[in-house]
Amino acid sequence: MTTQHRTLGTTSALTVSALGLGCMGMSEFYGTGDEQTGIDTIRRALDFGVSFLDTADMYGPFTNERLVGKAIAGRRDEVQLATKFGNKRGEDGARLGIDGSPEYVRAACDASLQRLGVDHIDLYYQHRVDKAVPIEETVGAMKGLVEAGKVRHLGLSEASAETIRRAHAVHPITALQTEYSLFTRDLEDEILPTIRELGIGLVPYSPLGRGILTGAITSEEQLEANDSRRTAYFPRFQGEALETNLGLVAKVRAIAEEKGCTPGQLALAWVLAQGDDVAPIPGTKRVKYLEENVGALEVELTADDLAALDAAVPRDAVAGPRYGDMSSIDA
């Protein structure tokens, strides 16, 4: 069992397991999910001390929160539970836009609490910034949830530096969740310095580059037909871009072999080495990959190792944008 912990935020601090678990893929997006396998994976994570669980109402939609709720039943006090609102979807899966209105904030929280079967959420994120609603109004409503005891700490996801500053002025923001990995480092320019100035923690999602950094993906054909990575929404997995990116993964693999670990463990260790205020949430729906990810906590990287990885994967070497449509990203 791992006992490594990290603290997110300073003004409104939340202590979490150093490595979290992203639960999204158990229900949607990365091929077919299986509820019992997902529940087994979450419970195994808790046995390891991986207690920082991440879900969202839109995953499924709605089914992932129910799955997480079943998995943590009877073990709520072991868990730091994070969920998100803002990406509206219908029961049929239709995408209905982004909603940051105060009324929706309150309704979404109540619905999440019911699906999760809990009386409070430890970390409640706005999943995407609603550019039609001032962030002050959205965070003001989120602050009301804290005052009501429904939520303990507040977070933002994919927010710009300016939005983060404005939000933090209304109520302390504990964590920013955004994509960060050896393959995605643009937040280092402006966002990372901003959150560190304000005392806000970082929760990197897709720290394994949506699985490509594990070395397990060698062609598009490997992915299930209903895997969203096979679509134009994820350009890094298409055609020549995938070939280029797999070449970078081969370099990561070579360094990993020297270190006596897997490429995925090395990639996670790199993220963990970026600071004690960083708690990545690699997603998986299988126990064996969870166990591999936990092994990253034992990988210690020297300054030479970090320099070798920077040389192997230069920031501008990755082919393709991280999303085919970046319009929902606050910039």
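Predicted model: local features only at pLDDT ≥ 70, side-chain atom pairs only at ≥ 80, totals over all residues.
**Helix packing**

Two packed helices are described by the angle between their axes and the distance between the axes. Helix α3 (residues 102-116) and helix α4 (residues 135-147) have axes that come within 8 Å and cross at roughly 35 degrees. The crossing of α3 with α4 is right-handed. On the α3 side, Pro102, Val105, Arg106 and Cys109 make the contact. On the α4 side, the contact uses Glu137, Thr138, Ala141, Met142 and Leu145. The residues of this contact divide into 6 nonpolar, 1 polar and 2 charged.

Helix α8 (residues 263-272) is mostly covered, with 10 of its 10 residues buried. Among them are Pro263, Gln265, Trp270 and Leu272.

**Salt bridges**

The model has 20 salt bridges.

| Salt bridge | N to O distance |
|---|---|
| Glu65 and Arg115 | 2.7 Å |
| Arg185 and Glu188 | 3.0 Å |
| Asp305 and Lys259 | 2.8 Å |

Glu65 and Arg115 form a salt bridge at 2.7 Å. Glu65 lies in helix α2 (residues 63-72) and Arg115 in helix α3, so the bridge ties together parts 50 residues apart in sequence. Glu65 and Arg115 are both buried.

The bridge between Asp305 and Lys259 has a distance of 2.8 Å. Asp305 belongs to helix α10 (residues 303-312) and Lys259 to helix α7 (residues 239-259), so this pair joins parts that are 46 residues apart in sequence. How exposed are the two partners? Asp305 counts as buried because its relative accessibility is 14%, under the 20% limit. Lys259, at 32%, counts as partly exposed.

Arg185 meets Glu188 in a salt bridge. Arg185 is buried, at 12% relative accessibility. Both residues also belong to a network of salt bridges that links Arg185, Glu188, Asp189, Asp310 and Arg315.

**An aromatic pair**

The count of aromatic pairs comes to 2. In one of them, the ring centres of Phe85 and Tyr124 are 5.0 Å apart and the planes stand at 35 degrees, so the pair is tilted. Phe85 sits in strand β5 (residues 80-85) and Tyr124 in strand β8 (residues 121-126), and the pair links parts of the chain 39 residues apart. Phe85 is buried, with a relative accessible area of 0%. Tyr124 is buried too, at 0%.

**Backbone geometry**

Most residues other than glycine have a negative phi, and most peptide bonds are trans. Which peptide bond is cis? The bond from Gly60 to Pro61 is cis, with omega near -5 degrees. Pro61 is in the loop between β4 (52-54) and α2.

Phe62 lies in that loop between β4 and α2. Phe62 is not a glycine, yet its phi is positive, at about 75 degrees. Phe62 is also buried, with a relative accessible area of 12%.

Glu158 is another residue other than glycine with a positive phi, near 55 degrees. Glu158 is found in the loop between β9 (151-157) and α5 (161-170). At 3% relative accessibility, Glu158 counts as buried.

Terms used: Residues numbered from 1 in each chain as written. Heavy atoms only, no water. Phe/Tyr/Trp six-rings, centres within 6.5 Å; stacked < 30°, edge-to-face > 60°. Helix = DSSP H or I, 4+ residues; strand = E, 2+ residues; numbered from the N terminus. Buried < 20%, exposed > 50% of the residue type's maximum accessible area, 1.4 Å probe, protein only. Axes fitted to C-alpha atoms, helices over the stretch in contact; angles between N-to-C directions. Left-handed = near helix turned anticlockwise from the far one by under 90°. Contact = heavy atoms within 4.5 Å. Nonpolar A, V, L, I, M, F, W, Y, C, P; charged D, E, K, R; others polar. Salt bridge = Lys/Arg side-chain N within 4 Å of Asp/Glu carboxyl O.
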